[in-house]
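Subject: The structure to look at

Hi,

Here is the structure I said I would pass on.

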Amino acid sequence: MAKAIRILSLLVVVQVVAVAVAYWPATGTTGAADGGPFLDVAADAVSSLELKGPEGSSVQLTKKGEEWRIPALNNLPAGTDQVTRLLEGLREASTGLPVATSEGAAQRFRVAGDDYKRRLVLPLADSDSQRVLFFGDTPGAGEIYARREGENSVYRVGVGTHVMPLEADEWLAKDLLSLDQQTIQSLEVNDLRLERAAPEEASNGEGDGAGRKWTVSGTEDAGQANPKAVADLVSRIAALRISGAAGDRSIPDGESALTTRIGTGEGAPRQYHFYAGDKGEDALLVTEQYDTVFTVNTPVFDSIRKAAGRKTLIPSSNGDSKE
């Protein structure tokens, strides 16, 4: 009996060893050393970025100097912080132990060369090499299964597909048209012209925070503008953020819902032509700086249009007011 027990115990030990060997994390060509960064190059070593989706959708970004550009959108600037957040996120994502190392694991976790949620290609600036990364199913919030080309190991990394959008306009620098409000010297809204008074002409306490008043002139009104209302409008114009590109949306016929001309003292004034969107659509914005038609969130557009109203900008003491 004792002999039988010893034999059974030995068989159990052999089985445990066999299982451990079968599932021991792979080394060599199947994966890099455990615990290293999933992306093994610095963010500033990357010269361009190409993302592909499962159904042929793709977007490409290229780096010019310190700026990232979007070729599909007339080389408009991409959000540098957005690109950095993706690359640094992959750098900070430690691989740890792989969740799988077998040859069939890539298909199972959707990180195979022909089946993936995202394929990210990162050419390097100072060499002919590149990094190719595959991203698949999501095991939990803020995580995704990922694999590096040429390796079998599949890891869980702390990024999500929300930081890898496939639409070009989602990479646009949303502050593309933002300004330092103190550089705005004049502002025309429809038929009203607002001008910041020269420092020697401004009296303290009634200006826009810099001690400088705004005067208003137009076809029916002239005089002193409401300083708080002008400061509010200037602040909204200066902080304007776009929401994206209009794509195949066409500009409506007729006049724009709001036209603004912004003078900064450097070059020709910026001209913005806003068009209200249909129900559920963002407003459209046409500028003379760029060929692209932008979109602006309707609440943002509505707030600017309201702030630019004649009754808002001109004190009632200036006479009868009209919108």
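Predicted model: local features only at pLDDT ≥ 70, side-chain atom pairs only at ≥ 80, totals over all residues.

Let's start with a charged pair: aspartate 302 and arginine 305 make a salt bridge, with 3.5 Å between their closest N and O atoms. Both sit in helix α5 (residues 298-307), and because they are three residues apart there, about one helical turn separates them. Aspartate 302 is partly exposed at 33% relative accessibility, and arginine 305 is partly exposed too, with a relative accessible area of 37%.

How many salt bridges does a search of the whole structure find? The count is eleven. Glutamate 151 and arginine 148 form one of them, at 3.2 Å from N to O, and both of these residues are buried. Another links arginine 69 to glutamate 67, with the closest N and O atoms 2.5 Å apart. Arginine 69 is partly exposed at 22% relative accessibility, while glutamate 67 has a relative accessible area of 36% and is partly exposed as well.

That last pair leads us to strand β3 (residues 67-70). Which of its residues are on the covered face, and which on the uncovered one? Trp68 and Ile70 make up the covered face, whereas Glu67 and Arg69 are on the uncovered one.

Now look at what β3 pairs with. On one side there is strand β2 (residues 58-64), which pairs with β3 in the antiparallel sense over three bridges. Arginine 69 in β3 is the bridge partner of threonine 62, and tryptophan 68 is the partner of lysine 63. The hairpin of β2 and β3 has two residues between the strands, and glycine 65 there takes a positive phi near 65°.

β3 also pairs with strand β4 (residues 76-77), again in the antiparallel sense, over two bridges. Here leucine 76 in β4 is the bridge partner of isoleucine 70. These two strands form a hairpin with five residues between them, and asparagine 74 in that turn has a positive phi of about 55°.

Zooming out, these strands belong to an open sheet of eight, in the order β4-β3-β2-β1-β7-β8-β9-β10, with antiparallel pairing. β4 and β10 (155-157) are the edge strands, since each pairs on one side only. Helix α2 (residues 80-92) packs on this sheet, touching β1 (48-52), β2, β3, β7 (118-123) and β8 (130-135). The direction of α2 makes about 105° with that of β3.

Next, the nonpolar residues. In soluble globular proteins, nonpolar side chains tend to be buried together. The largest nonpolar core here has 68 residues, and Phe135 and Leu233 are the ones that touch the most other members. Helix α4 (residues 227-238) gives this core its largest share, six residues. If you click on leucine 233 and leave out residues up to four places away in sequence, you will find that it touches Leu187, Val189, Leu194, Ile304, Ala307, Ala308 and Leu313. There is also a second, separate core of twelve residues, among them Ala100, Val121, Val132 and Tyr145.

One last stop is glutamine 289, in the loop between β18 (283-287) and β19 (294-296). Is glutamine 289 buried or partly exposed? Its relative accessibility is 36%, so it counts as partly exposed. Leaving out residues up to four places away in sequence, glutamine 289 touches Leu177, Arg270 and Tyr272. Tyrosine 272 is 17 residues from glutamine 289 along the chain, and their C-alpha atoms are 9.2 Å apart.

Have a look around and send me your questions!

Cheers

Notes. Residues numbered from 1 in each chain as written. Heavy atoms only, no water. Salt bridge = Lys/Arg side-chain N within 4 Å of Asp/Glu carboxyl O. Buried < 20%, exposed > 50% of the residue type's maximum accessible area, 1.4 Å probe, protein only. Helix = DSSP H or I, 4+ residues; strand = E, 2+ residues; numbered from the N terminus. Core = buried A, V, L, I, M, F, W, Y, C linked by side-chain atoms within 4.5 Å. Contact = heavy atoms within 4.5 Å. Pairing = 2+ DSSP bridges. Axes fitted to C-alpha atoms, helices over the stretch in contact; angles between N-to-C directions.
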